[in-house]
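Me: I am new to this structure and would like to know how its descriptions are reached. Please take me through a few of them.

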Amino acid sequence: MIFWAQVVGGFLLLLFAADYMVRGAVAISHRLTVPPIVIGMTVVAFGTSAPELVVGLEAGLSGAAGLALGNVIGSNVANVLLVLGCAALVAPIVPKQGALIHDSVVLMGGSIVFAFFCVQGEVGRIGGFLLVAGLLAFVISAYKREYGAKTPDGDLLVEEVEEVGSLPDSLAIEILALVAGLAGILFGADLLVEGAIGIAREFGVAEEVIGLTVIAIGTSLPELAASLAAAYRGHADVAVGNVVGSNLFNILGIAGIVAIVTPLPVAGQLISFDIWIMLLTSALVLPLLLWRWRLMRSTGLVFLISYAGYIAAQAFGVERLLGLFG
């Protein structure tokens with residue numbers, strides 16, 4: 001019971017701490033007259049992925065590589081099927097003309113590179129450096145392309161900043177929200193990882209399965225909350241920006257940084273099943289952005305049913321499931 005209490009407590013801390021950390025950082029950035037498009041590219045993009053990063057580092061340093069990699073892969077699957085599925089049920093998603101095309105192509109390319117490192121059996125330090133270098137190259141190129149220009153991607157970034165909740169107009173409160181939020185993320189990640197490892201050991205479940213399911217859903221809660229709020233306010237397309245940005249940072253930034261700190265051996269199930277599901281879900285984003293397919297409520301429901309099927313496969317046992325088919 002104590003392990004589940006730690007997991008739930010860690011989830012709640014991560015959810016609220018990440019929100020207030022981002023609010024504080026955005027408010028301070030506004031106070032320093034940082035342009036909204038720059039805030040969207042940096043503060044919001046990195047801040048909303050902070051829970052996944054800290055959880056990944058905590059898991060990697062605790063010797064739970066399966067938990068760290070499972071969280072990255074599972075979060076990317078959850079972001080597409082769960083987050084976009086829920087957002088589409090609130091309001092149909094119609095991406096802006098020309099928005100996020102470059103980002104979606106980079107996401108697919110980065111997912112393929114990440115998968116290549118995984119099927120080698122280990123994401124080592126060299127692979128980690130290459131993934132982080134890819135993220136830095138993407139951010140720099142996006143900054144050069146968007147800054148000072150009127151583009152669909154730039155408009156979407158500004159909308160993402162506008163969706164961030166406000167704080168009272170006080171520098172002291174803004175700094176407190178930033179610092180307390182960061183402290184909450186660190187403590188929440190520690191609770192979450194400790195509880196998840198305990199659950200895995202108590203029930204004999206592989207760490208990667210806990211990472212793919214329980215931890216992935218928990219660390220995707222900030223994206224889910226932000227996307228549902230945006231869809232409710234009539235900005236459903238912001239959900240796509242949240243998902244693409246988060247998934248990019250997961251595979252390039254989080255996996256890369258954790259692999260630099262400690263090489264990550266890849267479990268057999270991830271290689272034979274989950275990495276391919278992640279690639280498939282990443283590919284689902286391409287028609288939305290390249291050809292502006294509308295993500296209607298019916299499609300959102302299919303996404304959610306598919307995600308329920310994915311979780312059911314994990315509960316049943318992927319190895320047993322694959323055995324049934326040959």
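This is a predicted model: local features need pLDDT of at least 70, side-chain atom pairs count only at pLDDT 80 or more; totals for chains, interfaces and linings use all residues.

Me: Which residues meet where α4 and α9 pack?

Reply: On the α4 side they include Ala65, Gly66, Leu67 and Gly70. On the α9 side, Ile210, Gly211, Leu212 and Ile215 are among them. By class, the contact has 7 nonpolar, 7 polar and 2 charged residues.

Me: What makes Val209 count as buried?

Reply: Buried means under 20% relative accessible area. Val209 has 12%, so Val209 is buried. Val209 lies in helix α9. Leaving aside neighbours within four places in sequence, Val209 is in contact with Gln269 and Gln314. Val209 and Gly70 are 139 residues apart in sequence, and their C-alpha atoms are 6.6 Å apart in space.

Me: How do you know that the span of helix α10 agrees with what its residues should give?

Reply: Helix α10 (residues 221-232) has 12 residues, which at 1.5 Å a residue should span 16 Å. The end C-alpha atoms of α10 are 16 Å apart, so the two values agree. Buried residues in α10 include Pro222, Leu224 and Ala230. After α10 comes Gly234, whose phi is positive, near 90°.

Definitions and conventions: Residues are numbered from 1 along each chain as its sequence is written. Side-chain values use heavy atoms; hydrogens and water are left out. Helices (H or I, at least four residues) and strands (E, at least two) are DSSP runs, numbered from the N terminus. The expected span of a helix is 1.5 Å times one less than its number of residues. Buried means under 20% relative accessible area, exposed over 50%, partly exposed in between (1.4 Å probe, protein chains only). Contact means heavy atoms within 4.5 Å. Ala, Val, Leu, Ile, Met, Phe, Trp, Tyr, Cys and Pro count as nonpolar, Asp, Glu, Lys and Arg as charged, and the others, Gly among them, as polar.
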